[in-house]
Amino acid sequence: MPTDPASPRLLIIIPAHNEAGSIASVVQEVRRCLPGADVLVVDDASTDRTAQEVPADAAVVRLPFNLGIGGAMQTGYRYAAMHGYDVAVQVDGDGQHPPAEVSKLLDAMREKNADLIIGSRFLQRDGYLPPASRMLGIRVIRHLINLCTRVGITDPTSGFRAANRRVIHAYAYWYPDDYPEPEVILLLHRAGFRVAEASVVMEERLAGVTSIPFLHGLFYVAKVSAALLLDLIRNPWPAERIAPP
Amino acid sequence: MNLDTLLHLRTLILLGVAVVITLLTIRSLRAQRLKERYVLLLLFTGLPFLLFALWPNGVVFLQNVLEIEKPTLLTLCVAIYFLLTTFILLSIVSVQERKIDQLAQIIAISQSSNRSETDAGSNAS
């Protein structure tokens, strides 16, 4: 925990499903780069030894059955809300999000006075970039979101994000199940939250398999597009229900 | 009633069903009573009704293509009944699924906190 009372209480949330091959090194790297932060691994009912591989100085929440990425992330934000954290940063358990880049998210959150900061691979285009087929899908989703919000998001599917207290409480109350990353941008914007981006460098995953296989990419884009259109007609975060205590 | 009147009546019925299903699903989505994936399912299932409402001769066209002797209104009525039944069941499933997910999350967090306290206690002793 930070010793300076002015420092925000920071929680690093690492959702993991069958990431036994990479989770220990990811947690150790977070510990090394962010000694003042608490670490929470949300084990989404892995069938391998993911939970056992987590170093002892990190908290582990083991879900009794698989809730998917939306349910796992909401568990992390619910934990953050229950324990009074000021900022929660989402870091993938597969090693794609270098913990050294977290400070860029936190700096951008302060400078831009944003509620949610998304780490974008495409602002500077350094480091690992997805293959061309996936880039095409990301571009379609990006145009759709920007058409609806005019925020100018470049990396809507990035899961490398920092959320402040307001967003933590909103997510603890409700979080999308199926396509959380792109959907929350539109929903948060419509609910009056400030969403911005920071340039980050990402790496290739250390182990495990992607949750969106290549062949399902096209179907994924179609479903996300339909879901985004539905998001235009709902407000899942009524202001009076999500105010932090 | 002549054939034109019947066709108009059918168009109105089908349009009515399409509008009612669309409004019900959107209302349930906004009220968090229906999950997004089920909304998409229902909207896509309702599309044939909209198609046949806007193109009444489509049923006759299908009759000829599929060589079905009589495109009966009964079939449509049964389809509408099943669609509405599915809608109600999916609404129940959505609400219960969300509650079960919340329960699972809270139990998992509580177990994690208990584990931390036990570890802290054993370290202290």
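This is a predicted model: local features need pLDDT of at least 70, side-chain atom pairs count only at pLDDT 80 or more; totals for chains, interfaces and linings use all residues.

Visitor: Where does B:Asp101 sit in chain B?
Guide: B:Asp101 is in helix 4 of chain B.

Visitor: And is B:Asp101 buried or exposed?
Guide: Buried: the relative accessible area of B:Asp101 is 14%, and the cut-off for buried is under 20%, so B:Asp101 makes it.

Visitor: You listed B:Lys35 among the contacts. What do B:Asp101 and B:Lys35 form together?
Guide: A salt bridge, with the closest N and O atoms 3.8 Å apart. The pair ties together distant parts of the chain, since B:Lys35 is in the loop between helix 1 and helix 2 of chain B and the two residues are 66 apart.

Visitor: Which residues are joined with them in one salt-bridge network?
Guide: Through shared partners, the network takes in A:Asp177, A:Asp178, B:Lys35, B:Arg37, B:Glu97, B:Arg98 and B:Asp101.

Visitor: OK, zoom out to the interface. How many salt bridges does the rule find across it?
Guide: Four between chain B and chain A. There are also eleven residue pairs in polar contact across that interface, both residues being at pLDDT 80 or more.

Visitor: Which parts of chain B supply the side that touches chain A?
Guide: Helix 1 (3-30), helix 2 (36-54) and helix 4 (73-124) each give at least two residues. Helix 4 of chain B has the largest share, with twelve residues. By type, that side of chain B splits into ten nonpolar, five polar and seven charged residues.

Visitor: How much area is buried between the two chains?
Guide: About 2,200 Å², and carbon and sulfur atoms give 55% of that. On the chain B side, B:Glu36, B:Gln105 and B:Ile109 lose the most area to chain A, together 29% of what that side buries. As for residue counts, 22 residues of chain B are in contact with 28 of chain A.

Visitor: Pick a strand in chain A. How many residues of strand 5 are buried?
Guide: Five of the five in strand 5 (residues 116-120) of chain A. A:Leu116, A:Ile118 and A:Ser120 point one way, A:Ile117 and A:Gly119 point the other way, and all are buried.

Visitor: Which strands does strand 5 of chain A pair with?
Guide: There's strand 6 (residues 161-164) of chain A, antiparallel over three bridges. There's also strand 7 (residues 195-199) of chain A, which runs parallel to strand 5 and is joined to it by five bridges. A:Ile118 shows both pairings: A:Arg161 stands opposite A:Ile118 in strand 6, and A:Glu197 is the bridge partner of A:Ile118 in strand 7.

Visitor: Now a helix residue. What is A:Val224 in contact with?
Guide: Beyond neighbours within four places in sequence, A:Val224 is in contact with A:Ile141, A:Tyr179 and A:Pro182. A:Val224 lies in helix 8 (residues 217-231) of chain A, and A:Val224 is buried at a relative accessible area of 0%.

Visitor: Last one: how many salt bridges are there over all chains?
Guide: A search of the whole structure finds 19. One of the salt bridges pairs A:Lys104 with A:Glu101, at 2.9 Å from N to O. A:Lys104 counts as partly exposed at 34% relative accessibility, whereas A:Glu101 counts as buried at 11%.

Methods: Residues are numbered from 1 along each chain as its sequence is written. Chains are lettered from A and ligands numbered from 1 in the order in which they are written. Side-chain values use heavy atoms; hydrogens and water are left out. Contact means heavy atoms within 4.5 Å. Buried area is the accessible area (1.4 Å probe) that two parts lose on being put together, summed over both. A salt bridge is a side-chain nitrogen of Lys or Arg within 4 Å of a carboxyl oxygen of Asp or Glu. A polar contact is a pair of N or O atoms within 3.5 Å; within protein, one must be able to donate a hydrogen and the other to accept it, and residues adjacent in sequence count only if both atoms are side-chain atoms. Helices (H or I, at least four residues) and strands (E, at least two) are DSSP runs, numbered from the N terminus. Ala, Val, Leu, Ile, Met, Phe, Trp, Tyr, Cys and Pro count as nonpolar, Asp, Glu, Lys and Arg as charged, and the others, Gly among them, as polar. Buried means under 20% relative accessible area, exposed over 50%, partly exposed in between (1.4 Å probe, protein chains only). Two strands pair if DSSP finds at least two bridges between them.
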